[in-house]
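Student: I am new to this structure and would like a close look at one part of it. Could you walk me through that part slowly?

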Amino acid sequence: MLFLLLLIPFVSASADYDVQIVTQYLQTYGYLTHDNKTVSSIGVGGNSSSFQEALIKFQDFFRIEATGELDNETITIMKKPRCGVKDYPQSFTLYDTKWKKNKLGWKFVYGNQQDKSIAEKCFAEWARHTNMTFFMDERKPDIVISYGSVKHRNFYRCKNSSACPFNLDGPGGVLGHAFFPDSSNNCIEIHLDNTENWFKEVGTFPPQNYHSLYYTLLHEIGHSLGIEHTGVNTAVMYPSLNDNRKSVELDQDDINAIQSLYGLPPVKRR
Ligand SMILES: [Zn+2]
Ligand SMILES: [Zn+2]
């Protein structure tokens, strides 16, 4: 239904609503600034160039044909479950891109054994490829993982505010988000949508409508270490979270990213 309406986005009033959804997506993920008065101007044949430019930017990022139009391929990608972090985060937000230490503690707030075991595997996979070690730290963690509802709190006073400025959105859509490292080595948080059906096994495909906690967390941890989204669709840091990834390992693109931040893993002693 959505697809049919989007095929004729500039014709009917109901179609305008879909343009609104797309505009919101492009704004949320950094392709379009909020001051572009796109929604109202498009429907009446106004200046839609910024909207088209944003679409082209989106299509370039996801490495599909840059038509500048709401074609099938574009809509399909936009509808996929994804990470809530912007694809183009470089704006007014100031943050340093890396930690200034090589040993980081983590905590899974209210996480059960299964959650903690998955988190441990995720951290181990990142650690395997770079000069960084991770350990569980219940007392003074650097990276704090928790499940949250649509409007949710920060669990720790990592940031000035206790309310997370980014909402989650219920089942599907955004699965989680994470903060980037800051300049003072303050703790940072990863928030996972508690309304998702989380699949908590590693190395097998989740059933339909379930999402892999391992891949989602592996991805969000990437942000918490300072890695932004990539357009390489085999990479863990691709914005759409691919539950049906066969490998539990990082992609070469992810490995290049983490090594550019923290270097090669220390040489193992025999
Ligand atoms: Zn992400
Ligand atoms: Zn949050």
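Student: Leaving aside its neighbours within four places in sequence, which residues is His152 in contact with?

Tutor: His152 is in contact with Cys164, Leu168 and His191, once its neighbours within four places in sequence are left aside; two residues are in contact if their C-beta atoms, placed from the backbone, lie within 7 Å. Before going on, please note that this is a predicted model, in which local features need pLDDT of at least 70 and side-chain atom pairs count only at pLDDT 80 or more, while totals for chains, interfaces and linings use all residues. Residues are numbered from 1 along each chain as its sequence is written, and chains are lettered from A and ligands numbered from 1 in the order in which they are written.

Now to the setting of this residue. His152 lies in the loop between S4 and S5; helices (H or I, at least four residues) and strands (E, at least two) are DSSP runs, numbered from the N terminus. His152 counts as partly exposed because it has 19 C-beta neighbours inside 10 Å. For that label, a residue is buried if 20 or more other C-beta atoms lie within 10 Å of its own, exposed if 12 or fewer, and partly exposed in between, with C-beta atoms placed from the backbone.

In an unreviewed UniProt entry, the annotation "binding site" covers His152, His177 and His191; UniProt positions are given in the numbering used here, feature names are shortened, and annotations may be inferred rather than shown by experiment. These three residues span 40 residues in sequence, yet no two of their C-alpha atoms are more than 11.9 Å apart, so they gather at one spot.

Let us take His177 next. His177 is found in strand S5, and it counts as buried because 21 C-beta neighbours lie inside 10 Å. Leaving aside neighbours within four places in sequence, His177 is in contact with Cys83, Gly84, Val85, Phe166 and His191. His177 also stands opposite His191 in S6.

That brings us to S6, the strand of His191. S6 is mostly covered, with six of its six residues buried. Glu189, His191 and Asp193 point one way from S6, while Ile188, Ile190 and Leu192 point the other way. S6 pairs with S5 in the antiparallel sense over three bridges; two strands pair if DSSP finds at least two bridges between them. S6 and S4 run parallel and are joined by six bridges, and His191 is the bridge partner of Ser146.

Six strands form an open sheet with mixed pairing, in the order S1-S5-S6-S4-S2-S3. Its edge strands are S1 (82-83) and S3 (133-136), each of which pairs on one side only. H7 packs on the sheet, touching S1, S4, S5 and S6, and its direction makes about 30 degrees with that of S5. For such angles, axes are lines fitted to C-alpha atoms, for helices over the stretch in contact, and angles run from 0 to 180 degrees between N-to-C directions.
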